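The sequence and the model are shown first.

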2 protein chains.
Amino acid sequence: MSESGRSPNPQRWLMGVDIGGTTIVTQLVDAGLRPVQELTVATDVSSPDRTLASIASAIERTLEAAGVPVEALAAIGLGVPGQVDPVQGISRIAVNLHWIDYPVGERLTAIFGAPCFLENDVRVATLGVYRFDNPEACQNLVYVSMGTGVAAGVILEGKLLRGRNGLAGEVGHWIVDPNGLPCNCGARGCLETLVSATAVVRQARAAVESGADTVLAAAAPLTAKAVYEAAAAGDLTASVIVNRVGAELGRALRNVIMAYDAEAIVLGGGPTRAGARYLAPILTEWQRQQETSPLARAMLRPAMLRIADPARNMGAWGAVALVAQQTTLAT
Amino acid sequence: MSESGRSPNPQRWLMGVDIGGTTIVTQLVDAGLRPVQELTVATDVSSPDRTLASIASAIERTLEAAGVPVEALAAIGLGVPGQVDPVQGISRIAVNLHWIDYPVGERLTAIFGAPCFLENDVRVATLGVYRFDNPEACQNLVYVSMGTGVAAGVILEGKLLRGRNGLAGEVGHWIVDPNGLPCNCGARGCLETLVSATAVVRQARAAVESGADTVLAAAAPLTAKAVYEAAAAGDLTASVIVNRVGAELGRALRNVIMAYDAEAIVLGGGPTRAGARYLAPILTEWQRQQETSPLARAMLRPAMLRIADPARNMGAWGAVALVAQQTTLAT
C-alpha cells in the first residue's frame, strides 16, 4: 500500500460491464464516476471464447466512441450471470454464457492491461443501487431482481453478503409451495415459479389459452409489464394474476425482511417497470398482515419498499460501483 | 485505545449470563476461558427491577462459590430474551422479563464496577456455538433455536449479522402457510406455528384429545422430546407428527441455506435433545429434494446439519464468547 516511488497514475477511467445472455451493456466513467460513454451490444454466446470476444469488443468500442485510449483504462468491473470466484477472477458456472470455470478476469487483463473485478450480476446490481440510487445512504438494503428468475442481493452494515459459495440471497429458490410447479432448479414450488416475470407471463398465457375474456389475448408481445398495465386498466383476468402474485410477493418480502432485518427493499427487473402498479398489490398484502400483527406493523413499512431507478442500468452502474470500491482500496 | 499510563489489569475473570424467563444460568471463566463455576437460579420476573436483582444475585453467588472477589471480575456478558441495543446496553423489548427500554448494562456496571455487554439470547447462543462448538472453525454458520418460538442466529464471514434492529434471523416469523394457525406475532402460518417445540406438543395433544391410539396419551409431561422418542419406538401417531414437522423443517432449513449460503446449520433447544431422531426426518426431506434437484444436491449436504453440543449451556457460554470478543477488542 506504500505510495513511495510511484509516479502519479494518469489512468483514471473505469469501465463497468453488465454481461447478459442477450446483451452486454457497458458504462465508462471518469475519476469522479461521472458517465462518459455507454454502449449496448448483442452477446455472442456461440462459444465461451466468443462470449469473451463480445465483451472485449464492447469495451474497445466504448473506449473508441469516447476517444479514451486503452492505456488510460484503470480497471474493469464485470457483472456475471452466475456463480463467480471474485478472488481468482473466475466465472464458476454461468449457464447462459456456457462458462464453466472460465478465467474471464485473467483474459480481460491480458487484453486491456487493466485489473478486472467480477461478481454475480444480481449482487453487482445491488452495489449499483447502494452506491448510485440510495439517497438516504441506507446501510441495510436488499435488492430483489425479478426476471426469468428471482434473486436478492443483500447489503448489511454497508457490506455485500456473499456466504460460502457467493450464493447468499438465492431467495428465488425458497420453496414456497411444496406441491407447486417444477422449478428450473429441480425442486417444486420455488418462489420464482410463482412471482418471476416468466411466471407472470405463464399465468397470463394459461388464462388466454383457457379462453378467458381478457385484453391480454391481443397483447403482442405478452409481457409481465403488459399484464400489470391490463390490470390497471381494469382487466379482470390480469387483476386476478397481479393480485395473486402481489400477495405471494408480499409474503416473500416479509420473509426477506425477517431474514436480514433490512431497512430498504428495492425491486428491479422487467415487471417492475409497471411502477406503482407493481407495488400496489404487495402493499395490500402487507396492509392485510398489519391488521392483526404488531410485528408486521413494526417491520413492514410501505416507505421501505421501492423500485430501482429505471433511468439507470443497475447492472452496468453496479459494475462501476464494484470497480470503484476495489480501486479505492488499491490506491 | 492507548495503553499509556495504565497499570497491568489483574482482573481477568469473565462472567457469562443467560437470562431466561424461568431460569438464569451463569458461567464464570478464567482468562483462558476455562470453566470455573456455573450456577442455575430461578428468575424473579415479578418486576423489572426484581429481574435485575435476580441476575445480580446469581452473579454474586457464582463469584462467592468460586471464591473470586467482585473486584476481580473483568466483564459481564448477557444474553437477553428480546430485542436489545448492545451499544447503549439497553434491553429494548424483553416481553417475558417485562423489560421495556431497561438500562440493564448501566445497572449491572453500577453494582459490579465491570463493563457489561449484552445481545439477544439466540444470537448469543450462536456466538457460543461459533466459539466453543465449532471444531472445523466454520466461518459461515447458522444456529436455529427450537423452543416456544423459532429463531436463527447467523454468522457470515466470522461476523454476527444484526441487521437494522438486531432482528436478522427472525425466521420463526417466516410465513409458510398463509392459511395456517394464528401465530403469537399476529400473522397466520408462521414457521414457528408448525415446527417449534410448542407446535410439536400442540399437535401431539390434539392427536391424544381426538382419541388416537398412541403411547403419548400416557406421556407426563407431554414434551417434544417424548414425541420424538415415541416415534422412534414405532408409535404411528408420533411418527406422523415427526415426519410432518421434519418435512416442514427440511424445507425451512433449505430456505435458510438459500438465504445465507451458510456452510453449517446447528440446531438447538428442547426437541433437539432427541438427537439423531430429530435430524432423520429433516434429512429425509432433503433426500427427497435431491432426487430431482442438482441445486439441492449441491447446497443441502447432510454433513452440514448437526445438533449443538447438549453438554454445554450455549446461552451462558455464548455470553462468555460475547464478553471475550468485546474484551479482546478493548485490551
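Strand β12 (residues 264-268) of chain A pairs with β13(A) in the parallel sense, over three bridges. Here two strands pair if DSSP finds at least two bridges between them; helices (H or I, at least four residues) and strands (E, at least two) are DSSP runs, numbered from the N terminus. A:I265 stands opposite A:L305 in β13(A). The sheet is open and of mixed pairing, with five strands of chain A in the order β11-β10-β9-β12-β13. Its edge strands, β11 (159-160) and β13 (305-307) of chain A, each pair on one side only.

The model is predicted: local features need pLDDT of at least 70 and side-chain atom pairs count only at pLDDT 80 or more, while totals for chains, interfaces and linings use all residues. Residues are numbered from 1 along each chain as its sequence is written, and chains are lettered from A and ligands numbered from 1 in the order in which they are written.

Chain A and chain B each bring 32 residues to the contact, where two residues are in contact if their C-beta atoms, placed from the backbone, lie within 7 Å. On the side of chain A that touches chain B, α7 (236-260) and α9 (294-299) each supply at least two residues; α7(A) gives the most, with six residues. The classes on that side are tabulated below.

| Class | Members of the class | Count, chain A side |
|---|---|---|
| Nonpolar | Ala, Val, Leu, Ile, Met, Phe, Trp, Tyr, Cys, Pro | 17 residues |
| Polar | the others, Gly among them | nine residues |

A rotation of 180° with 0.0 Å of shift along its axis superposes chain A on chain B (RMSD 0.0 Å), by least squares on the C-alpha atoms of residues with pLDDT of at least 70 in both. This is the relation of a two-fold axis. Both copies use the same surface, as 100% of the contact residues of chain A recur in chain B.
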